[in-house]
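Hi everyone, thanks for coming along. Let me put the structure up, and then we can walk through it together.

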Amino acid sequence: MESRTWPYLAAYNEDIASPLMTVPELAEYLGVGRNTIYSLLRDGSIKGFASVLPGKSAGKL
């Protein structure tokens, strides 16, 4: 997939934002939809990981 530049990612401010956010939290922080965040995760523009509680299935990661 083609790499894209996302100008709103440059606005990230560590002083007011946690380095760990859920997809909905990041979407709200950046002012975009959850689908946009999932797209950014898929194409490698942002890094992420799945967290799973013991005994639960992560499904398709």
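Which residues in α1 meet which residues in α2? On the α1 side they are Val23, Pro24, Leu26, Ala27 and Leu30, and on the α2 side Arg34, Ile37, Tyr38 and Leu41. Contact here means heavy atoms within 4.5 Å. By class, this contact of α1 with α2 holds eight nonpolar residues, one charged residue and no polar ones. For those classes, Ala, Val, Leu, Ile, Met, Phe, Trp, Tyr, Cys and Pro count as nonpolar, Asp, Glu, Lys and Arg as charged, and the others, Gly among them, as polar.

A word on what you are looking at. This is a predicted model, where local features need pLDDT of at least 70 and side-chain atom pairs count only at pLDDT 80 or more, while totals for chains, interfaces and linings use all residues. Residues are numbered from 1 along each chain as its sequence is written, and side-chain values use heavy atoms, with hydrogens and water left out.

Now the overall picture. The protein has two helices and zero strands; these are DSSP runs numbered from the N terminus, helices being H or I with at least four residues and strands E with at least two. Helix α1 covers residues 23–30 and helix α2 residues 34–42, and they pack at about 105° with their axes 8 Å apart. That makes α1 roughly perpendicular to α2, a label for angles of 65 to 115 degrees. The axes are lines fitted to C-alpha atoms over the stretch in contact, and angles run from 0 to 180 degrees between N-to-C directions.

Next, the inside. The largest nonpolar core has seven residues: Val23, Leu26, Ala27, Leu30, Ile37, Leu40 and Ile46. Its largest share, four residues, comes from α1. Such a core is a set of buried Ala, Val, Leu, Ile, Met, Phe, Trp, Tyr and Cys residues joined through side-chain atoms within 4.5 Å. Buried means under 20% relative accessible area, exposed over 50%, and partly exposed in between, using a 1.4 Å probe and protein chains only. Of the 61 residues of the protein, 18% count as buried.

Finally, please look at the segment after α2, where we find Phe49 and Ala50. Is Phe49 buried or exposed? Phe49 counts as exposed, because its relative accessibility is 65%. Ala50, at 45%, counts as partly exposed.

Definitions and conventions. Parallel < 35°, antiparallel > 145°, perpendicular 65-115°, else oblique.
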